Amino acid sequence: MTSRHPSSYRDPSGFIFTHEGVLYRQINKCFAKNFEIFINSGLHDHLIKEEMLIADSIINENLTGSGDWHLTLKPQLIPFISYSYEWSFDMLKDAALLTLKLAKEAMKFGMLLKDATPLNIQFYKGKPIFIDSLSFEAYDETKPWIAYRQFCETFLAPLALMHYLQTPLQPMLLAYPDGIPLSVAAKLLPWKSKLNLNVNLHVHLQTKIAAKADNTNKSSKEFKFSASKLKNILSSLESSIQYFQLNASSGSWSGYYNEAEQREDYLDEKKAIISQWLSSLQLKTAIDVGANEGFFSKLLNDQNIEVLSADSDHFSINNLYKQIKKEDIENIMPLIIDFANPSPAIGVNNTERNPFLERVNVDLVIALAVIHHLAIGRNIPFAYIATLFKKFGPYLIIEFVPKEDEKIQLMLQHKKDIYNWYTEENFLKEFAAFYHVAASEVIGQSKRKLFLMQVNEQAF
């Protein structure tokens, strides 16, 4: 059975499809010449060797039966597909820098990068990697760089806004999935951004040119660059991206475990219990819900478990990503996810980009010191939380924090206590609808309790 991916309809050069459950990419006849140049120039092999492009193999078989067919590619699979509105600042920054590097490398081989969108980037083994082999065409100096405005709107504008406002703006990327319009970015950026030559050129000046063209009923004139001028533009964009920074001092939960380490035997006991349980299970994948800076994600990684490390706090996830880069960790995928409002399905017919809940399929869910933030912090009933975790995978390690815990009492200082249902007894009753308890243990002197649960067969 062959099924075309619902998001792969924009580019006439080809499309993604599945055949008998396997993912492929079809190259259409109209792109045959450009793809042959891509292969014969050596650019294809060069980018794969440098780990900038996902590896693939060419299959000379028309699996779709299409009359437009030229070749079929079988790409290496990415374990988890993510989107820019789930990436931290430095993840988006590195994806932007990779895009510019690809554009420069393509020019060395007589080609041009025709697409410059985060949709063509995924994170694999801790690093960004390009996934679209149809994004390279023969370079023609008489034509403009068609991807210039796309790069500015999908990469430059959001990074500039976060840099100058010093505020994470990932929800804005969800609101503008095709990029933040430069006219919008120009209005939101502070006046001092005009003092930055590159930002002024690529955002403010472009906005003025487009507005002038609209007012005179003339189409905006495309920029046309010789090879040397295009290289200068790419270098200018690269300087801009490298300059942008987002300070890590204002995160809600950054450094949480530094404080936790000061509690007598709490973290050591917690690690010991979880390590013992992990040794009894056959696990390959996990999701760390409310991961903070990945303290326990690293524990899972040490046992060769691939981890989706997710938290709503941008700065914690950004710090984790920087640690992953520094320590060259391959099996932790950091993500910005609000579990009270996870990424939805979006795009045409709401099928182009799957919701987060449908993309997660793991062996283990680990939810430590998070239940009270969802139940009391966000007023979510235990039954709803159990339903959420059940979607992800069959095993659950969850920490129950009793109501008398100092952290909950601190939360209740700022809101009315309407949580008479927040008890361990009720917690176990609601979770019993989907899970049975395999093991439980109190964490040292903390009165907090860990539970190892497994989904009941009838709950699937």
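Predicted model: local features only at pLDDT ≥ 70, side-chain atom pairs only at ≥ 80, totals over all residues.

Biologist: Which residues of helix α1 are called buried?

Modeller: In α1, residues 32-40, the buried ones are A32, N34, F35 and F38. Buried means under 20% relative accessible area, exposed over 50%, and partly exposed in between, using a 1.4 Å probe and protein chains only. Helices are DSSP runs of H or I with at least four residues, strands are runs of E with at least two, and both are numbered from the N terminus.

Biologist: What puts those residues on the same side of α1?

Modeller: They cover an arc of only 165° around the axis, so they sit on the same side of α1. The arc is taken from the directions that lead from the helix axis to the C-beta atoms. The face turned away from the buried side of α1 carries K33 and N40, which are exposed.

Biologist: What do the buried residues of α1 pack against?

Modeller: Their partners are β3 (22-28), α2 (43-49), β4 (56-59), β5 (69-75), β6 (111-113) and β9 (136-138). Contact here means heavy atoms within 4.5 Å.

Biologist: Why is α15 called oblique to α17?

Modeller: The axes of α15 (residues 382-392) and α17 (residues 424-431) come within 9 Å and cross at roughly 45°. That angle makes α15 oblique to α17. Under 35 degrees counts as roughly parallel, over 145 as roughly antiparallel, 65 to 115 as roughly perpendicular, and the rest as oblique. Axes are lines fitted to C-alpha atoms, for helices over the stretch in contact, and angles run from 0 to 180 degrees between N-to-C directions.

Biologist: Which residues make that contact?

Modeller: F382, A383, I385, A386 and F389 come from α15, while α17 brings N426, F427, E430 and F431. Ala, Val, Leu, Ile, Met, Phe, Trp, Tyr, Cys and Pro count as nonpolar, Asp, Glu, Lys and Arg as charged, and the others, Gly among them, as polar.

Biologist: What makes α3 and α4 oblique to each other?

Modeller: Helix α3 (residues 89-108) and helix α4 (residues 148-165) pack at an angle of about 140°, with their axes 10 Å apart. The pair is therefore oblique. On the α3 side, the meeting residues are F89, L92, K93, A95, A96, T99 and L100, and on the α4 side F151, T154, F155, P158, L159, M162 and H163. By class, this contact has 10 nonpolar, 3 polar and 1 charged residues.

Biologist: How do you know whether E51 is buried or exposed?

Modeller: E51 has 55% relative accessibility, so it counts as exposed. It lies in the loop between α2 and β4, and its phi is near 60°, a positive value in a residue other than glycine. Most residues other than glycine have a negative phi.

Biologist: And why is V348 called partly exposed?

Modeller: V348 has a relative accessible area of 43%, and therefore it is partly exposed. V348 is in the loop between β12 (332-336) and α13 (356-359). The C-alpha atoms of V348 and S7 are separated by 8.0 Å, though these residues are 341 residues apart along the chain.

Methods
Residues numbered from 1 in each chain as written. Heavy atoms only, no water.
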